[in-house]
Amino acid sequence: MTTIPLPQPDTPWTLPRRGPVGILLFILAESSIFAVFVAAYLYYIGKSLTGPTPREVLEFPVLMTVCLLSSSVTVHVAIRALRRGATARFLGFWIATIILGVAFLAGTAREWYQLITVHHLTIRTNLFGSTYYALVGLHASHVIAGLVMLLIVAAFGLAGRVRPDHVERADVISIYWHFVDVVWIVVVTVVYIIGR
Amino acid sequence: MTTTGFPIAAAAGKGVPSVFDRLYEWVVTVDHKRLGIMYILFALVFLLIGGIEATVIRLQLAAANNHLVSPHTFNTLFTMHGTTMVFLVGMPILAGFANYLVPLQIGARDVAFPRVNAFGFWITCFGGLLLNSSFLTAPVLFGGSGAPDVGWFGYAPLTENAFSPGNATDYWVVGLILVGFGSIAGAVNIATTILTGRARGMTLGRMPLFTWITLVVQCMILVAVSPLTASLILLFLDRGLGAHFFDPQAGGSALLWQHFFWIFGHPEVYVLMLPGFGFLSEIIPVFSRKVIFGYPVMVAATVAIGFISISVWAHHMFSVGMSPAANTFFSISTGLVAVPTGIKLFNWLATMWGGRIQLRTPMLFAIAVLLQFLVAGITGVMLSVAPFDWQLTDSYFVVAHFHFVLVGSLLFAIFGAVYYWYPKAVGRMLSERLGKWHFWLFLIGFNLTFIPQHFAGMLGMPRRVYTFLPGRGLEIWNLISSIGVAFQLAGGACFVWNLIRAYRRGPLAGNDPWDAWTLEWAISSPPPAYNFAEPPVVSSRRPLWDLKHPHDPDWHYE
């Protein structure tokens, strides 16, 4: 009943894989969320009624940026290794990605600690504080989500359970991680270059 | 009706499963058909709740200087009515139809991510329950601040702590954030299903129009609903942590909230309305016994509406005093939407033209949509003209306009869809006689309620007022409007009774009661858990036509 005659029975039929498509659509939604936070940040630049101002308290986060951007390279190398079947090399670069991500988060933590204790800038202080903590915090929360996913795969890897045929699933996480990195470039540009 | 029991219950082999077992199966299910039905039932329950709220509003407004409810209660009622109808009725019922129908129409076993699907339903469900549980915190019960009363678009700075102390607005914010997560999860899932799960041979150009429109709508949800979630998070930072995004006293901007909200809010109208167009595009050809007129143009018009709808949001803000350039831009872009929607309307008419029209209940509702959507479209074009909008914004004219869209067009289309697909989901036919009672009562009631509101609005009656003064010519329009509600309630009662009665006593439907052409009618009603015993192969837009007419298949002509 359900087989329907076909003019050319041997037409090739391939569709995209669901993992990458799903994560790309999710990234589309995430981009819209970030767009609102970025728009709010840009709109409120220079509109704070009180100090401190970005110029007084922010410094360009060179080390953090280097850490996060290079983690995109390591995760890419890890995926390529897994695709070739080199699981040990995969695991090494995968864990390197996690270490770089954690280093980035530590940088954010240090920056926030100094802003709060030294400069007395909190989310309630002024509009700069509100927009800064919201945007950087939104990004940091995405880094944390990414790290959780990376750690789960790393745990399976250390238990020897990650095989080359898992590469498509690991690739979904790496696409998300690349997205988090690209967003950081936007955040850096907005907060530390335009915003200062 | 043969129950399509899950293997768990079947394997138990102890005869009829207990109520608890059956409930358990529904709670843990990841089956797209069950989740689709759960979405629809959830939405129907909230349709009843939102309808009761609307009924109380109309009772309060039936006469001048009426004091059935207090001004504060009235504020809560219209806030909860609007929020419920948009987020807990419109979005979930359409998510339910997409869930149920898309895998069947594209010949798939299930959606791409069944567990994400279940997550989406449950978080929507809990968001809705959380929002409505705010009623329980009313002062008389627990001394809280009751349900939200800030209007469905929650304009700043009214939503700030200074003006809305207490938890009511927090229920609104958190409830809608959760529902938003549910919408995003659902949209990712359905769009991925369409892009990656189609049966062999079903190219994009052969997808049923409902599936095509659903794909566009899911992309719009990803782009447009996410900004609302983001804005609500910012508002929650304001309320919870003392940030200043929408707090003018610290330099924050009330206007920014309006932009953020309507960047969501206007595409949302099309997110709601386009699936209604999808239902029409399935129902009208089948009951006209003709292929849809201008399939590629219908697809193009859908995509065009999707794109244009993202650039029209500020027509909700003409009265805030934007620059003349902005007013001009948004006037023109808004008027432009009428072009692709007009194309659709003419294509449906051309489909009916010369067809052998069967006036079954789904078709009656579809024809009513054509007429009522025309009215909604015309008042929409009127309101797109900025000077006209300055005169009538925030009046009952606007209320009448968008109720013609969301009730006169969308809800009628949904009723038609329920009559059309109920036999597939349940295996039994709804009663035509009760269906016609439902249709005529609702048609009369709807028009009695909402046509007079145009006139009340033009006479100067503002929205969101809990009462009005006598002697200004408003009494008669409001009275007629309230009388219409009785007809709508009677029609709604026929509908509910029809659904319940047919579940037990309706005549068996068989696979294909309407002699239709899309894949969902190729399998039994209700479909088995696995949908298709063998994966279908498709070679035209109407696979079942090809099957029924092997000597004259569609692919000779496409």
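The model is predicted, so local features need pLDDT of at least 70, side-chain atom pairs count only at pLDDT 80 or more, and totals for chains, interfaces and linings use all residues. Residues are numbered from 1 along each chain as its sequence is written, while chains are lettered from A and ligands numbered from 1 in the order in which they are written.

The C-alpha atoms of chain B fill a box of roughly 70 × 55 × 45 Å along the principal axes. A compact globule of 558 residues would have a radius of gyration near 24 Å, and chain B agrees, with 24 Å. That radius is taken over C-alpha atoms, and the globule rule is 2.2 Å times the number of residues to the power 0.38.

Now look inside. Buried residues make up 54% of the 558 residues in chain B. A residue is buried if 20 or more other C-beta atoms, placed from the backbone, lie within 10 Å of its own. Contacts tell of the fold too. Two residues are in contact if their C-beta atoms, placed from the backbone, lie within 7 Å. Among contacts in chain B between residues at least 6 apart in sequence, 80% join residues at least 24 apart.

Next comes the meeting of the chains. Chain B gives 46 residues to the contact, and chain A gives 34 residues. On the side of chain B, the elements giving two or more residues are α7 (168-196), α8 (209-241), α9 (254-288) and α17 (543-548). Helix α8(B) gives the most, with ten residues.

The largest nonpolar core has 217 residues. Such a core is a set of buried Ala, Val, Leu, Ile, Met, Phe, Trp, Tyr and Cys residues joined through C-beta atoms within 7 Å. Helix α14 (residues 396-426) of chain B brings the largest share, 22 residues. A:Phe37, A:Leu135 and B:Phe365 have the most contacts inside the core. Leaving out residues up to four places away in sequence, B:Phe365 touches B:Phe412, B:Ala413, B:Phe415, B:Gly416, B:Tyr419 and B:Phe439.

Finish at B:Phe330. It sits in helix α11 (residues 324-352) of chain B. B:Phe330 counts as buried because it has 23 C-beta neighbours inside 10 Å. Beyond residues up to four places away in sequence, B:Phe330 touches B:Val312, B:Ala314 and B:His315.

Key
Helix = DSSP H or I, 4+ residues; strand = E, 2+ residues; numbered from the N terminus. Buried ≥ 20, exposed ≤ 12 C-beta atoms within 10 Å, placed from the backbone.
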